Structures are given as C-alpha cells and as structure tokens.
2 protein chains.
Amino acid sequence: MSEMGTAFDLVRELADGLPESAVVTEPAKTEQYSRDQARFCPVGEPVAVVRAGSTADVAHTLTVASRYRVPVVPQGAHTGLSGAANAVDGCIVLSVRSMDRILEINEEDQVAVVEPGILNVELSRAVAERGLFYPPDPGSWEISSIGGNVATNAGGMCCVKYGVTGDFVRGLEVVLADGTVIDTGRRTAKGVAGLDLTSLIVGSEGTLGVVTKVTLGLKPAPAPSRTMAATFPDARAGLAAVTAIMASGVSPSLMEFLDAAAVGAVNAYSKMGFEDGCALILAQSDGTDAVGDVVRMGRIARDFGAVDVAEAADDEESALLLEARRKLLPALEALGGIFTDDVAVPRSRMVEFLDGMVAIGEQHDVQVICAGHAGDGNVHPTVVFERGDDAAEARARLAFSDIMRLGLRLGGTITGEHGVGLLKAAELREELPERSLELQRRIKQLFDPLGIMNPGKMLS
Amino acid sequence: MSEMGTAFDLVRELADGLPESAVVTEPAKTEQYSRDQARFCPVGEPVAVVRAGSTADVAHTLTVASRYRVPVVPQGAHTGLSGAANAVDGCIVLSVRSMDRILEINEEDQVAVVEPGILNVELSRAVAERGLFYPPDPGSWEISSIGGNVATNAGGMCCVKYGVTGDFVRGLEVVLADGTVIDTGRRTAKGVAGLDLTSLIVGSEGTLGVVTKVTLGLKPAPAPSRTMAATFPDARAGLAAVTAIMASGVSPSLMEFLDAAAVGAVNAYSKMGFEDGCALILAQSDGTDAVGDVVRMGRIARDFGAVDVAEAADDEESALLLEARRKLLPALEALGGIFTDDVAVPRSRMVEFLDGMVAIGEQHDVQVICAGHAGDGNVHPTVVFERGDDAAEARARLAFSDIMRLGLRLGGTITGEHGVGLLKAAELREELPERSLELQRRIKQLFDPLGIMNPGKMLS
C-alpha cells in the first residue's frame, strides 16, 4: 500500500474510536501542535494530532499507533524548553491538554488527583482556595501543564525548600505503548510496596508511556512569605552569603541569584534601581517566623559584605523585591536573541562556574549573563547575541554547549530542571556512563518494544 | 559433578578473588548471618557468607555467583523486619556490613558519600559534628545500616517533615547481578538527566543489585527541637487534633500517636504517669520558632479537647516526653509475644482503621495495640499474644494479615516503611494490580536475567 494510503487508514482507524473532531489533520492546525518552546531543535511534520479527552482516547490512540508502528509524541501545553514535545516526521502528536479536570482535592489527606492537561496555575489556585499548597513552581507555571511538569520533573524557585515535581507525585495512571493502562504508586504519604515505577515515569519525557492521571501530595498553605534582597560587590561574596544562609538552619523558600550583568539588565528594563555593578541575592521565608527569618538572613548578608540589604516588611514590599527576578526574562529579551541554559553544579563550585562562563563568553564573543536558583546550585546562564546575526547565533550555540561541558567538569549536570529532549540528547551521552545509558535504553525497550514512544528524545 | 563438589568449587572460586577470611562457610558462623529480625519468615542455609570489603569484592562475588547460578542475598546489618535479608537455601549471603567508611562529608555542598555498611547512627553523628543533619531516623537507627535503609527506603519519625531515605539519596554505585558496576544519579541538589535509576534501586530490597556507595543530600543542623505532648479522651479527638496541626502551617518534625492501650503499657512499664485510658499525641518542632510552634500546637490540642497538654520548655523536658515513644517497644514486649505491623492509610481513614483493628483483635481473640507516625498515616499496630501459646500465636498471625487487608480496603498500603521481603510478598499481590506487578517482574528480569538476586523476596 502507498504511504499516503497507509496514512489514510491510520487516520480512519484513529477517528473510528475517538470522539468527533479529536483527530486533526489539516496542516494549518497540526502545525500549532508541532513544537514546544525550545531553540535549535528539529521539528517534524505530524500525520495527525489527536486531542485526547480521556484515558480511553489515549489507550485507543496508542493501540492504533502500535498496530501501524507510528511514532507518538505525547504533549501537554508544549511550553518545554528542550524539544521533548516537538513532532517527529510522520508521528501522531497525542495532546492531553484537554484532559484538564481536577478529579479530587482532599483537605484532610492533603492530596489532589488531576488529569495531566491542567495548568500548574489552575491547580495551584484551586488548592489554595482550599487552604492547601502545591509548591512546584516552574518559571512556566502560568502556561505549563501538570503532565508536562511530571514528564520533565520540573523544578522552580520553591525547590530549595520543597523539592521538585517528583517529590509531590505519589501515584500515576499511565498508558503504555501497547495501549494497556497501569496504575503506579499509592495515595498515602508513605509506602514501599514494590519497585518505584512512579519515579521511573516522572522525568521520562514521554518516552515510556503517557500519563493520564496524577495523584499529588500537597502541603498546608504556608505563612505569608517575607523577602530579603541584598546586593554584593561581586558574585563571590553573594554566593558565600548564600552558602552561609543555607547552612544557618533558616530554611529559605526561595534563594535566587542574579549576577551584575543580570542586575544591570533588570535596572535598564524596569528602573528597579539596584546598585549598578552589584550581584543580587533574593531570599524568602514562608516559615511560622518568616519575619525573624528575614532578619536572620539579612544579618548574614551584611556579615558577608552586602552593600545594601532590603528586608520587606509586608506582602507588597516582598512582591516588589521579587519583581527583579520576574522581570529578568523580558529584561534579557530586550538585549537581543537569548538562549537560556540549565546547568546544576555542586554549590561549592558555583564561583568557578561563573568565572568559567565569563571566559566562555569571551572565547565565543558573546555575552553570558547568569541568574538562577543559587540555593540549589541550579543556574540558568543566558547567552545573549545580536538578533538576526547568524554568525553570532552560531557562536552563541557553541557557548551554550561549552557551558554544559563546564558544568560536567565541575561535577554538575547538563540539566537541573528543563530536561534533555532533543536539545541535550548529545550531551546526555557525555554526562552518563555508557553502562547506565545502556540500562536505561533497555528499560525504555521493555516499556516500548516497538520504539514508538517519543523516539529520538532523551535516550536517542 | 556432585552438589557438594560444586559447592566446593564455588567456595574456592569465591575465595580466590577475595581477601583472606572474607569467605565464611562454618555453619556456626554462617548461621549468624542467616536472618534479619522478621517473624514468620522462612530461613534457609547459605553455602557461604562473603564479608565484602570493597566494590571489587562485591563484583567478584556476583561474577562467580552468576557463573554458578547461585542465589545471592545482599545483607547489611540484618535488622530488617520483613525477612528480605534472610538466607535462602544454597545461597551466598553477601554482607556489606564491613564496608562502613565515610568517604566524604562536604559542608558547603551539604553532601555525604558513604559505603553501605555504615550504621545510620554513625553517619548521623559524624555529620552532626560538622553542623549537618541526616534526617531519616528509622526506629532501628542505632543498629541498622545506611545500605539497608536504602534497600528498604526506610522511614522514621522525622519523615513527617523531612521525607524518607529515598528523598536524601542523590546517587548510587550499584553492582549488578553479572558483576558490572554502574553509577546512577548525581551529586547536585537537582538533576533530570536520564531515567531515574536511583529511585528504582532505592527500596528494591536487594532484588536488582547490590548498593556499594551512596551519595546523600544533607540538611543544616536544625534549631533545638521542642516537644508537645497532649492526652485525649479518645483516639478520634487526638487524630482530629493531628489533622488540624498538619493543616495549620506549623511543620512538625515529629507527629506520633499512641492509643490508650499503648499509653497504658508505657505507664505500666515506666511509671510515666500519663492519664489512664487516654490517647496520646506527641509533636515536635525544630523550626526557627520551635517554642512558638509548640505553643501553636498546644493551643490546637486544647481546642480539640485535650485532657492535658505539656509543652516542653527545654531540651531535657522535650527528651522526657519523647521517652513515652521510645519506651513503647519494651513496654509492649513486657506484655507478651508481639508482632508489629506497618500499614499506612490516608489520614482521613485513620479512625476507621483504628476501630477496625479493635474488631479484628476481638475476632481473633488477641489484643491489638496501636501507635505510629500519625502525621503520615503510617501506623504500627502491634498484635500481642501469650508467649509460648501456639494457638494464640497462630491467631495473632491471622490478625496481622487481616490488619493489612483492612489497610488496603481503606485505600492504604501494606507497608509504609518496613518493606515487603518474605513477610508480605503474598499481600503485595493483593495491593498491586497484576499489570504493574508484571512490569516490575520484567524490570527485575532485565537487571537480573538469571534470577539470582535475592530470589523469593518482594516480587516472588
């Protein structure tokens, strides 16, 4: 049969078991589902997009895909930064974005059960209305889905106190490549019955199966948080203060760092008026003694040579200080084309990492501006280049890769929270020993013997 | 070749690649390694015990075992409660207890790298001397090894605030069944590069490989903790207070419950003088405002009808209150033979769970006394029976199983933190759906195609 004939049959069989208008094949429409927000990643042309409305829709799609041996690219809100949700040629893009119901919020058990398509912001607000708190707060929290957060094991600013998405995932419903549905994990706070399949699926970027239901542990709503901002004459002094705060027993709920160039960009963009040429530390506490914690952190900042320390007295002042961090991305975009990396290093190597990045920038004649989650050693170096200058963009790409390699040399990882996807699949082979990769490939094969689940991503 | 001849060759080949006296075959000596502390579990006779001193020793042992297709039972301090470390007939018991070095403690990175045989207490003290804190504190912390804690994903009293062992494991060195050595995970606080093999190994009870090195994340030493004890006229009122405290935004670092019978046993054993006939809640805070937190928790306890509330003003008073929990096990042992279970249920089902256990005790004519980690819904019901009375012991065993089934009916798990081992392998098949079990068995097969790693345990 001709290729086109096969595609016709495939689409017909898909449509036969799905609600009307679930299958989309018009290129103008499928194109909207063809990619996430990653740079530098190839984008293929899907045969069809399936907009699944239920677990049964997902199971049907995978059953048909298995029969035709057609690749399936699972997709949430496609806001990822590594290309894991990009279409590959001839694939079915399987969007679960419409599966966005909250199935349960239980205050007493501090548990929520949700479908994967719900946006992080929607879940966070819904549980907040019930006096609960879902901590994981990736930068994309207003636009990214919980399913995508699970698939990438997304982090955020709260991680430094609360951990990452996976730390809140207790159980999953997953549709495997052959269309069978499995339940993993538990509902209880603790449980050690059997191998931890849940953690294996979390962060697997759609390569092992499609998550169709998520059971999440929640926290009680914390006390109103208070913020401290401190400027330092250089990054070294600021990072020393970070280390001291992290060792102090105060458990900051946010601990961010902006280097002098980042502060300069924010100042230029928003007239925030931080000291020019200074590095900035932003820290927050949401503990029962948040006010005291901020005073403690401010004292440490001064001990480590802070030029200026601002301790927010109320919600409004706290929010104002955090604006510096929130305005960073638009401030950087105002400078030119940008690529933002996502390396994590042991905190003791941060100063070396920052120094090394300056050298990399000089070597490739681009600017590297650095900010990130200092408490976790998870930094987002941004390479800035002149928009429209192809040579500069190529140099920026080289700098981007060199930054990952520098992270690896310092005992770090190529990705703290954004994921591997297509963007970092080559560098993954530099990070992980071949034996470990081989074992991972065999696990992938066990889940997906035909190799149809998000092929070419992560373990390419 | 005769069986004995084969055993002779096996032992010779083992010894050939190991330091002198690493291989033990005298039955009087191997018998000391034949079992952990579980009740009701079969114990086999090992061909040999290998006392490994290094990763190379472990790799050699597994290589030889693979060649002879001889079962290997990995073992730490064999203090487990589920029989996972029990010898099976004809096996090699592979003890890593002598691999007990601390390879690194890094204050700035808040990381420790250790060998698996080190006792939890030794690690905890060593990091405390450096101003750091390793939270996981299973009841066995003074006698159990970190490797065993990793293999069972052990919990403890701190879990309610800090999480379980797995939450602190960042990376592992693991020797696979065929003798190859793999590294999993990372050293950094965050990282999402590749599938999470680390979490797959954690809690796998020696069925996938032998852990030979553990990289652990640490916390800064917390503020001195303060304790609150409150007695309630009944369990329902006490558990309602627990729920309110857990919802309050105070993050207790311990939240334990003892039912009236447990309180009675402690009173009889130690003259602690708690109100007779009352249930007891013990809570602790180690936050920067621990004193204030204890006042907050005490206020909640009174609001929920506490008969008596004691708020410890200092370390000494705090320690005294905690004695009630520490004395529970000897107090129960003073009553007769005991079996302690380990069910976790959603906290909203705890009252039903307690009521159901009373009924189970009546049905089987044994006493069920209940205490545990109320904040996590992880309860350790203890079945008490007359020592030496075989019929009573048999009835106690039935009650023990019925308690697990009750937990499952209430949406819980058969094991919150003790593990499956031999003891609960049958009940695991009641908890997990067959498809999930089948996938787990296939993962086990992938790691261990010859089926030599701790056969019959967990996924029997």
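Is A:Phe339 buried or exposed? In this predicted model, A:Phe339 counts as buried, at 2% relative accessibility. Its aromatic partner is A:Phe385. The two rings lie 4.7 Å apart, centre to centre.

Over all chains, the count comes to twelve aromatic pairs.

The interface of the two chains was examined next. On the side of chain B, 77 residues are in contact with 77 residues of chain A. Together the chains bury about 5,800 Å². Carbon and sulfur atoms account for 62% of this area. Within chain B, the residues that lose the most area to chain A are B:Lys190, B:Val192 and B:Leu195. These three make up 15% of what that side buries.

Polar and charged interactions also cross the interface. Between chain B and chain A, 24 residue pairs are in polar contact. Two salt bridges are found across the interface. A:Lys190 forms a salt bridge with B:Glu417. The closest N and O atoms of that bridge are 2.6 Å apart.

Several elements of chain B each supply at least two residues to the side that touches chain A. Among them are strand β9 (181-185) and the helices α7 (197-201), α8 (235-247) and α10 (290-303). Helices α15 (425-431) and α16 (434-447) are also included. The largest share, eight residues, comes from α16(B). By class, this side of chain B has 31 nonpolar, 30 polar and 16 charged residues.

A further site in chain B is B:Ser270. This residue is found in helix α9 (residues 260-270). B:Ser270 has a relative accessible area of 19% and therefore counts as buried, the cut-off being under 20%. Its side chain reaches the backbone oxygen of B:Val266 at 2.8 Å. B:Glu323 is 53 residues from B:Ser270 along the chain. The C-alpha atoms of these two residues are separated by 9.3 Å.

Technical notes. Residues are numbered from 1 along each chain as its sequence is written. Chains are lettered from A and ligands numbered from 1 in the order in which they are written. This is a predicted model: local features need pLDDT of at least 70, side-chain atom pairs count only at pLDDT 80 or more; totals for chains, interfaces and linings use all residues. Side-chain values use heavy atoms; hydrogens and water are left out. Contact means heavy atoms within 4.5 Å. Buried area is the accessible area (1.4 Å probe) that two parts lose on being put together, summed over both. A salt bridge is a side-chain nitrogen of Lys or Arg within 4 Å of a carboxyl oxygen of Asp or Glu. A polar contact is a pair of N or O atoms within 3.5 Å; within protein, one must be able to donate a hydrogen and the other to accept it, and residues adjacent in sequence count only if both atoms are side-chain atoms. Helices (H or I, at least four residues) and strands (E, at least two) are DSSP runs, numbered from the N terminus. Ala, Val, Leu, Ile, Met, Phe, Trp, Tyr, Cys and Pro count as nonpolar, Asp, Glu, Lys and Arg as charged, and the others, Gly among them, as polar. Rings of Phe, Tyr and Trp (its six-membered ring) pair if their centres lie within 6.5 Å; planes under 30 degrees apart count as stacked, over 60 as edge-to-face and the rest as tilted. Buried means under 20% relative accessible area, exposed over 50%, partly exposed in between (1.4 Å probe, protein chains only).
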